[in-house]
Amino acid sequence: MSFRGRVTRPRLAAAGLALGLGWLVGYPLLITATEAFGGGAPWTLDHFKAFAERGDEWTALGRSLWISAASVVLSALVGVPLGFFFERTEFPGRRLLGGLVALPVALPPLVGVIAFLFLYGESGFISRAVAAVLGLTGPPWRLAGAGAILLVHTYSMYVYFYLFTRAALARLDGSVLEAAANLGASPMRILFRVTLPLLRPALAGAALLTFMTSLASFSAPYIFGGNFRVMTTQIVASKLNGDLEMARVETVMLAGLALLALWGLRLLDPGDDLAATVRGVAPSRRQLTRPLAKWGAAVAGWSLSLFLLLPHFTLVLVSLVPAGTWTTEALPPVLFGGNYSTLFSRPESLKPLLNSAWMATVATLGALFLGFLAARSSLRVKGRLGRLLESLVSLPWAIPGTVFAVALATTFSIHKPQAGRFLLIGTPWILPLAYLLRNLPLTGRAAFSGLRQLDPSLEEASASLGAGPWRTMWKILLPMVRPALAAGAALAFITALGDFVTSIVLYTLDTRPISIEILASLRLQDTGLAAAYGVLLMTLSASAFVLWGRQGERV
Amino acid sequence: MGKWVPVGFLVWLLGAVAGCDDGRTQVVIYSPHGRDLLELLEKAYEEQHPEIDVRYLDMGSQEVYDRVRSESANPQADLWFGGPDTIFSRGAQEGLLASYRPSWADSVPQASQGPNDLYFGLYLACPILVYNSAAVSDEAAPRDWEDLLDPAWNQKVLIRDPLASGTMRTVFGMVLARSVAETGDEGQGFDWLRRLDAQTKEYTLNPALLFEKLTRQEGLVSIWELTDILLLERRNSPLRYRFATSGTPVIDDSIGLVTGARNEAAAKDFLEWVGSTDALSLVAREAFRLPARTDMVAEQLPDWAQKVLTALKPLHLDQGLMEERSAQWMETWDREVRGKGTAPAN
């Protein structure tokens, strides 16, 4: 009896969880997808035929694919070495800089693009400086096309690789590396034969997130792409033009591409528990003792951080410029604090800050809980059910944010309990729910990669010593995956805090978040006030990272 | 200690925000008009009606429509305030608007009234030529739409992405409708747009980027809407405008009651008030809106509005044709014209 109970209870729990996630994540998408086939009134393939006959649609689909693949490669090339550098080398200022380097992910929506424009656009600082140094008369480059998209993607997405690499390195067992070294392996050989294979789950998680994010990325291709169209810009163009059928087909095709990628990545990384190591003490950081090396590392770290934070500084500068005064000068001629006093003197304008803060907090806690539960459940039951759970957790990220939001809005806009549909649109609950589901892949992937790196024998040992499953979870599992969970939670929190694409579809009068306020200021041509909001948003995000840094440090 | 900083910040925020909600009746307005105008109206109306709390959500005109449509099962808005009448007409066809005829309706031209009293033109929006006066002298600035094709402006024209903008759709629609009227089909119009495309350096994502780029002289001339440029002028921007000599395709900026409004009585009262001569002359003075009502006397309008109304040469377009074909036109433009423009022979 007790044996049966141990076998079926986790499976039952997993099945229940899969059902719940399927309802919240899969069902809305299914409803959206059926509409692309005419929604049953009557069923038709005509819209797909129209899609198939258009060359520009296939080009856009192909471009979406290669841009995303290239973004993964470039982000990995930047993020992984950075992760190693900050996790394995000790130098003055490491802790602070280690947090700062993650901040590109916290560049606020909409105004972040304006910061890029002021920096690298044709009348930006950097462009002007380069033109002056090289003695050029015109701007040295045009921020447009595939190159510009990749630049922006790499800048904002390497952070996934960076954070996941650091979290995984913090969980490595130093004795394994020492053993390899004692057996005579060269540092290179250790890196490629021991360290990187152990990091595989984390790297696969980061690759998946980067791929999906860039597949769903909209603002970069829209603003910098020019005529370089990808699938997301096609969807918006169709939608703006009222061609809802075509927009639905394009959405289904993009989602199909994402699912294909998800499946492909699973083939590459089957997630077999290769990384079963008993966790000992994390490998010690390399203490740089020679002053030259030590200060060299510090200087490199600082200048890199400065470079990465240039858009943030630009935003601060823009927030201090009175409207219309900065035209063709290299630096703004006048600075003032008026935007901040406007912001702080009206309670109405602070409400969005509070809204974003509470919704992001609730959503992150929820996503953390659900993500961990799903990962734990999936790894326990394995097999088809386990894989289903893992796919469900990753699914929200595979769908462009707008599409996901529209799917939620459609599903929960009527009250039909027998069909599993409830009236949530227009209530304050739909937006936090959307944030939660959108960020489930972040916490979920983090939990999966954290748990996969653990040695299953730990759990068995705990159980054989008489600890119940809850006690094992609290005392053994959670503390050990904490760095991974903290990284996932920090990302989820700041993503929810700055979210724009989901919010614009689902916000209500009482849940208006910061990003919508930024949009409103931009619509009023008040770039300064928009930037001031952006700066506040960055400050909140940065505090989340500082807290994350402490979590990582304590373990 | 450090971890108490965010907590303290949140507590302070809570305190600062607390007390926003009181027992007043709310009128919820969805509007693309922007904070300047909405705050002005909110204050003026609440002064006269202390029992009413006017609340607004400020968004793009296309978004208002999307949002009212997606919320139709659980309407959150009472009033749909602002946007071209073409969007209102779509909303009316989908049953998103409720009939209500305010007392000022008779003072609005018949053509600016929606069917079955579902919506009414309230303000006039005027597409105009824009230029940066810091780089382009008043004499050199384009005088008519045609002048934008001048080789002098090659790669100096910036255009707001027309797919997302009611103003730009109207201007492009004007070009195509004129072509249909003159030659029987759109061919000539698309040729014109192809030449404009060759002149265009960039289609900007939103008006804010358009103005930043014009101000920073990444482009020098553009097409936009009068009110925004007047507001910018008040804020010391170097951007200036000019009416096109061949005529202006005036847009009726409308207002209507949302179906299923929660506070219908209060919403009707606000709608009544916002079209009164008092409210119209207030927004003309403070927020540069031109009234659609034709019975306003000169003293009720500020100087700028009187000047504009004299200079304005409205262009009469085939509204039916534009409403019917606009989507098809823009799709064709997006696929066949954008970025594929042919340079003018020179």
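Mentor: Let's start with contact: two residues are in contact if their C-beta atoms, placed from the backbone, lie within 7 Å. This is a predicted model, where local features need pLDDT of at least 70, side-chain atom pairs count only at pLDDT 80 or more, and totals for chains, interfaces and linings use all residues. Residues are numbered from 1 along each chain as its sequence is written, while chains are lettered from A and ligands numbered from 1 in the order in which they are written.

Trainee: How many residues of chain A are in contact with chain B?

Mentor: On the chain A side there are 40, and they meet 47 residues of chain B. Helices here are DSSP runs (H or I, at least four residues), strands are runs of E (at least two), and both are numbered from the N terminus. Among the chain A helices that each supply at least two residues to the touching side are α10 (219-224), α15 (347-381) and α23 (527-554). The largest share, seven residues, comes from α15(A).

Trainee: How do the residues on that side of chain A divide into nonpolar, polar and charged?

Mentor: First the sorting rule: Ala, Val, Leu, Ile, Met, Phe, Trp, Tyr, Cys and Pro count as nonpolar, Asp, Glu, Lys and Arg as charged, and the others, Gly among them, as polar. Here that gives 20 nonpolar, 14 polar and six charged.

Trainee: And how far can I trust the model?

Mentor: Check pLDDT, the predictor's confidence in each residue, from 0 to 100. Where it is low, the predicted coordinates should not be read in detail. Chain A has a mean of 82, with 94% of its residues at 70 or more. Chain B has a mean of 88, and 92% of its residues reach 70 or more. For the complex, the predictor gives an ipTM of 0.75 and a pTM of 0.80.

Trainee: Which residues have the most contacts inside the largest nonpolar core?

Mentor: Two terms first. A residue is buried if 20 or more other C-beta atoms lie within 10 Å of its own, exposed if 12 or fewer, and partly exposed in between, with C-beta atoms placed from the backbone. A nonpolar core is a set of buried Ala, Val, Leu, Ile, Met, Phe, Trp, Tyr and Cys residues joined through C-beta atoms within 7 Å. The largest one has 266 residues, and those with the most contacts inside it are Phe164(A), Leu79(B), Trp80(B), Val130(B) and Val258(B). Helix α7 (residues 145-171) of chain A gives the largest share, 15 residues. Val130(B) touches Leu214(B), Trp224(B) and Tyr241(B), among others.

Trainee: Is Phe288(B) buried or exposed?

Mentor: Phe288(B) is buried, with 22 other C-beta atoms within 10 Å. You'll find Phe288(B) in the loop between α10 (277-287) and β12 (290-291) of chain B. Its phi is near 55°, a positive value in a residue other than glycine. Gln155(B) also has a positive phi, near 60°, but Gln155(B) is exposed, with 12 other C-beta atoms within 10 Å.

Trainee: What about chain B as a whole?

Mentor: Chain B has twelve helices and twelve strands. Buried residues make up 48% of its 346 residues, and its C-alpha atoms fill a box of roughly 70 × 60 × 45 Å, taken along the principal axes.

Methods:
Lists of a residue's contacts leave out its neighbours within four places in sequence.
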